[in-house]
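Q: Could you take me through this model and set each label that is used for it against the rule behind the label?

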Amino acid sequence: QVQLVESGGGLVQPGGSLRLSCAASGRTFSSYRMGWFRQAPGKERECVAAISRSAIRTYFGDPVKGRFTISRDNAKNTVYLQMNSLEPEDTAVYYCAAHRTLNSGTVGTKPDEYTYWGQGTQVTVSS
């Protein structure tokens, strides 16, 4: 089992940047594929980015392509989401998710493809 704790959210002006971090407990972080999801009020939870166990494969949702990057540091049990050129439409609660897998090169893009979830961190983009 793994516990996930997100940090780095907050209020930022349009065009600004934020970096979210997700720290995972345990000693087998490298066995998990990771994802970042977001959910705005009245909307479904959507995958913004995902990364495979070994980081050889990544995925980005269409709304964030070219603006967000995902990375992981298996030595620090942490996955990051760098968000640049933020827009008001990026306002949401951002969640980190993890799923243990034997496959080093797969990513998950749907909520039901993940087993563990963090508590979420609010990101608000507003002037």
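A: Two strands are said to pair if DSSP finds at least two bridges between them, and in this predicted model strand 7 and strand 8 (residues 78-83), which run antiparallel, are joined by six bridges.

Q: What is the bridge partner of Ser71 in strand 8?
A: The partner of Ser71 in strand 8 is Tyr80.

Q: Why is one side of strand 1 and of strand 7 left without a neighbour in the sheet?
A: The open sheet has four antiparallel strands in the order 1-3-8-7; strand 1 (4-7) and strand 7 (68-73) stand at its edges with a single partner strand each, so one side of each has no neighbour in the sheet. From one strand to the next, the twist averages 15°.

Q: Why is strand 4 called largely enclosed by the rest of the structure?
A: Buried means under 20% relative accessible area, and seven of the eight residues of strand 4 (residues 32-39) are buried, so the strand is largely enclosed by the rest of the structure.

Q: What makes strand 4 a partner of both strand 9 and strand 5?
A: Against a requirement of at least two bridges, strand 4 has eight with strand 9 (residues 92-100) and five with strand 5 (residues 46-51), and both pairings are antiparallel. Trp36 has Cys96 as its bridge partner in strand 9 and stands opposite Ala49 in strand 5.

Q: How do you know that Glu46 and Arg38 form a salt bridge, and is each of them buried or partly exposed?
A: The limit is 4 Å between a side-chain nitrogen of Lys or Arg and a carboxyl oxygen of Asp or Glu, and the closest N and O atoms of Glu46 and Arg38 are 2.6 Å apart, so the pair qualifies. Glu46 has 32% relative accessibility and therefore counts as partly exposed, whereas Arg38, with 6%, is buried.

Q: What makes the pairs of Arg67 with Glu87 and with Asp90 salt bridges?
A: Their closest N and O atoms are 3.9 Å apart for Glu87 and Arg67 and 2.7 Å apart for Asp90 and Arg67, and since the limit is 4 Å, both pairs qualify. Asp90 lies in the loop between strand 8 and strand 9 and Arg67 in the loop between strand 6 and strand 7, so their pair ties together parts that are 23 residues apart in sequence. Both Asp90 and Arg67 are buried.

Terms used:
Residues numbered from 1 in each chain as written. Predicted model: local features only at pLDDT ≥ 70, side-chain atom pairs only at ≥ 80, totals over all residues. Heavy atoms only, no water. Helix = DSSP H or I, 4+ residues; strand = E, 2+ residues; numbered from the N terminus. Axes fitted to C-alpha atoms, helices over the stretch in contact; angles between N-to-C directions. Buried < 20%, exposed > 50% of the residue type's maximum accessible area, 1.4 Å probe, protein only.
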